[in-house]
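Welcome, and thanks for taking a look at this one with us. Let's walk through its nonpolar cores and a few backbone details.

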Amino acid sequence: MGTQILMPEMGEGIIEATVARWLKEEGEAIALYEPLLEIETDKVTTEATAEAAGVLLKIHVPAGETVAVGTLLAVIGAPGEELSASGGGNGAATAVPQPTEPIQPAQPTEPIQLAQPTEPIQLAQPTQPRRYTGRISPVVARIAAENQVDLDLVTGTGLDGRITKEDILAFVENRQSAVRSPQSAIPGHLLPLSAMRRSIAEHMVRSRQTSPHATTVFEFDFTAVSAHRAAHKEAFARDDARLTFTAYLAAATVAALKAFPLVNSTWQTDGILLRRDINLGLATALDEGLIVPVIKNADSLNLLGLARAINDLAERARRKRLRPDETQDGTFTITNHGVSGSLFAMPIISQPQCAILGVGMIEKRVKVVGENAIAIRPSAYVSLTFDHRILDGAVADHFVAAIKERIEEWQ
């Protein structure tokens, strides 16, 4: 019997989705839970896998078409099966009849939903620059030379912090994912707009037209955080969490949002709605655009919990494993544009939120400390772009100052 593959439910309120591309062709074998196609909404592009093994007998919806949830997309059957002439409309399949046997009528099959794998995978991210003095293998040296990698920027997970082949390959992959385009840029070629790109464009224009944007900028000293991270990253790794600077920024931001609830709000025609939940969005660069996974109720998580959530969401976003509801209901957003080398930016607010925090690249800078001393400190520019209808400059400054204080005095 053939197995019907239907357009799955992608989240509450989502009634249709687009078949972005098929990962298998008609007649091609497919294993159980193997990725079958990519499905795109205005929020996410996600891979869908099949709960049946066999052969892809028929594709009913070609790539690029948008259909309603529950629409028949394809039929999977066993080798040697073919679609029955009378059952082609519903995708039922039956075995190829032998000359001496009567043709059996097609049997109805139970529709199944495509599986959405959610297993978290550790994410390697660019980290605070430092002076790398450890030994490296010839393979690591060759990869670094071929890709012009500064080893000071790579975090080693080997013995005594040694950089392994996997470490440098992950670094190169993450760096490339932040800058490569979804297609080769060919002069004169028209790049078609995906549902995600159209949504991003509409949202950015609407945000600029909706909120009067203003920006304030601070410089953060990450010395205390760097020391804490160095002392605890191995312990966090044993608890299946990669401890990144983003986790510290998330924790400090959540604390500041609790102290300044006006920043965790939404403008309405009849007033300013102060949000009860703190749902922290983390902007993540993908090949095809920008996506913002959301940590729901981030104020209920400690540093370890935030680190785990950040690793999980970022990796699943890049592997197209997010559910649409994991990008909804954010109340505040952090965008770490520094991962691609940017020092300073003025991000656009994600509507209907009040503000967005932009974090530049952490780099070593010469700073004046104390009365007359000079020191080299890991520092970054941090900007807050805010809705001037809700926040005035003084409140915005106090909010960022609270984050800065927590980062610079991390215990």
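Contact here means heavy atoms within 4.5 Å. Please keep in mind that this is a predicted model.

## The largest nonpolar core

The largest nonpolar core holds 57 residues. Those that touch the most other members are Phe220, Phe222, Phe332, Leu384, Phe399 and Ile407. Helix H5, residues 245-259, gives the most to this core, contributing 10 residues.

Which residues does isoleucine 407 touch? Leaving out residues up to four places away in sequence, its partners are Phe220, Asp221, Phe222, Ala224, Val225, Tyr248, Leu249 and Ala252.

## A second core

A separate core is made of 21 residues, among them Met7, Leu36, Ile59 and Ile76. As general background, nonpolar side chains tend to be buried together in soluble globular proteins.

## A cis peptide bond

Between glutamine 351 and proline 352 the peptide bond is cis, and its omega is near 0 degrees. Proline 352 sits in the loop that runs between strand E17 (332-335) and strand E18 (355-359).

## Positive phi values

Asparagine 297 is a residue other than glycine with a positive phi, near 50 degrees. You will find asparagine 297 in the loop between strand E16 (294-295) and helix H6 (303-318). Lysine 320, also not a glycine, has a positive phi near 60 degrees, and its place is the loop between H6 and E17.

Are these residues buried or partly exposed? Asparagine 297 counts as partly exposed because its relative accessibility is 35%. Lysine 320 has 17% relative accessibility, so lysine 320 counts as buried, the cut-off being under 20%.

Technical notes:
Residues numbered from 1 in each chain as written. Predicted model: local features only at pLDDT ≥ 70, side-chain atom pairs only at ≥ 80, totals over all residues. Heavy atoms only, no water. Core = buried A, V, L, I, M, F, W, Y, C linked by side-chain atoms within 4.5 Å. Buried < 20%, exposed > 50% of the residue type's maximum accessible area, 1.4 Å probe, protein only. Helix = DSSP H or I, 4+ residues; strand = E, 2+ residues; numbered from the N terminus.
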